Amino acid sequence: MGSQGTSGSGSLVLVAALFSALVLAPTWAIHVYTHREVHGTVGDQVTLACSFWSSEWISDDISITWLFQPESGKDTISIFHFVKGQPYVDEVGAFKNRMEWVGDPHRKDGSIIIRNLDYTDNGTFTCDVKNPPDIGGKSSQVTLYVFEKVPTRYGVVLGAVIGGVLGLVILVVVIGYLIRYCWLRRQATLQRQLSAMEKGKLQRSAKDSSKRGRQPPVLYAMLDHSRSTKSASEKKSKGGLGESRKDKK
């Protein structure tokens with residue numbers, strides 16, 4: 001009986017542990033966010049922004065750490081700590097007197113500023129945040145590129161190219177629409193002119209037909225008049241011949 005009770009309690013502990021690992025642990029994971037990359041110029045300053053989200057209230061035990069791995073090196077060094085409400089800046093290494101804490105944990109901000117940039121500052125910076133009991137999750141990394149002059153970013157160039165192409169396409173479409181509109185308007189005008197000309201021709205042909213329809217009665221009247229005149233003259237001539245014959249007798 002004792003062994004069975006022990007095994008049963010052990011099973012309960014195992015189930016509870018699995019439940020905590022699978023369910024509770026993800027809810028305790030802290031999320032840290034930084035830019036993917038930041039550009040700066042020699043002698044200028046740059047802000048390395050770091051924000052985070054935690055499922056817990058910001059505790060007095062919150063800690064924020066910045067790590068740095070040089071571009072040409074493999075070792076990662078710690079350059080900044082925020083512990084027990086106090087910032088601790090590296091006063092020995094390469095960032096001595098060049099780093100400033102500008103974050104605020106209560107606003108979920110762990111940002112720092114690096115001044116007087118140099119080519120040796122090229123590398124990867126890591127922001128890590130712990131807010132007990134919310135201590136899980138991954139840190140976030142940002143890569144710093146220091147140039148003599150900040151180059152035009154690829155995204156800006158790509159956006160300008162895409163914008164120019166879209167503007168050109170819109171211009172071509174507008175010009176094509178205007179040309180089509182003018183062509184259709186011209187065709188409509190020509191169609192109206194042709195319709196007016198056809199209508200005029202039909203009216204003239206109708207008038208000519210009506211005139212031709214009225215001409216035959218006039219011709220017939222003229223023919224009848226000429227026939228009657230001819231018959232009258234023939235009768236007169238016949239009458240004259242008869243009288244002349246009588247006189248001869």
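**Exercise 1. Pairing around strand β5**

Which residue in β10 is the bridge partner of L67?

*Solution.* The model is a predicted one.

Step 1. Look up L67: its bridge partner in β10 is T126.

Step 2. β5 and β10 are joined by eight bridges in the antiparallel sense.

Step 3. Turn to β6. Strand β5 (residues 63-70) runs antiparallel to strand β6 (residues 77-83), with six bridges between them. Two of the facing pairs can be named: W66 has F80 as its bridge partner in β6, and F68 stands opposite I77 in β6. The two strands make a hairpin, with six residues between them.

Step 4. The order is β2-β11-β10-β5-β6-β7, an open sheet of six strands with mixed pairing. At the edges are β2 (37-41) and β7, each of which pairs on one side only. On average, neighbouring strands of this sheet are turned by 20° against each other, direction ignored.

**Exercise 2. The disulfide**

Which residues does the disulfide join, and what is its handedness? Locate both cysteines and classify them as buried or exposed.

*Solution.* 

Step 1. The structure contains one disulfide. C50 and C127 are joined by it, with an S to S distance of 2.0 Å.

Step 2. The torsion about the S-S bond of C50 and C127 is about -80°, so the disulfide is left-handed.

Step 3. C50 is in strand β4 (residues 50-53) and C127 in strand β10 (residues 123-130); at 77 residues apart, the pair links distant parts of the chain.

Step 4. Both C50 and C127 are buried. As for another cysteine, C182 has a relative accessible area of 48% and is therefore partly exposed.

**Exercise 3. Salt bridges and exposure**

How many salt bridges does the structure hold? Work through the pairs D61 with K84, R107 with D104, and K130 with D128, taking over 50% relative accessible area as exposed.

*Solution.* 

Step 1. The count is five.

Step 2. D61 and K84 meet through their side chains at 2.8 Å, N to O. D61 is in the loop between β4 and β5, whereas K84 is in the loop between β6 and β7; the two are 23 residues apart and link distant parts of the chain. With 42% relative accessibility, D61 is partly exposed. K84 has 58% and is therefore exposed.

Step 3. In the pair of R107 and D104, the closest N and O atoms are 3.8 Å apart. R107 reaches 70% relative accessibility and so counts as exposed, while D104, with 28%, is partly exposed.

Step 4. K130 and D128 form a salt bridge at 4.0 Å, N to O. K130 is partly exposed at 26%, and D128 is partly exposed at 21%.

**Exercise 4. A nonpolar surface patch**

Which residues form the nonpolar patch on the surface, and how much accessible area do they have together? Locate L168 and classify its exposure.

*Solution.* 

Step 1. The patch consists of L168, L171, V172, I175 and I179. Together they have about 480 Å² of accessible area.

Step 2. L168 belongs to helix α2 (residues 154-248).

Step 3. The relative accessibility of L168 is 53%, so this residue counts as exposed.

Step 4. For context, 19% of the 249 residues of the protein count as buried.

**Exercise 5. The order of elements**

How many helices and strands are there in the protein, and in what order do they run from the N terminus?

*Solution.* 

Step 1. The protein has two helices and 11 strands.

Step 2. Read from the N terminus, the order is α-β-β-β-β-β-β-β-β-β-β-β-α.

Notes
Residues are numbered from 1 along each chain as its sequence is written. This is a predicted model: local features need pLDDT of at least 70, side-chain atom pairs count only at pLDDT 80 or more; totals for chains, interfaces and linings use all residues. Side-chain values use heavy atoms; hydrogens and water are left out. A disulfide is a pair of cysteine sulfur atoms within 2.5 Å. Helices (H or I, at least four residues) and strands (E, at least two) are DSSP runs, numbered from the N terminus. Buried means under 20% relative accessible area, exposed over 50%, partly exposed in between (1.4 Å probe, protein chains only). Patches are made of residues with over 30% relative accessible area and no salt bridge: like charges are joined within 9 Å, nonpolar side chains (Val, Leu, Ile, Met, Phe, Trp, Tyr) within 5 Å. Accessible areas come from the Shrake-Rupley method with a 1.4 Å probe; for residues, only the protein chains shown count as cover. Two strands pair if DSSP finds at least two bridges between them. Axes are lines fitted to C-alpha atoms, for helices over the stretch in contact, and angles run from 0 to 180 degrees between N-to-C directions.
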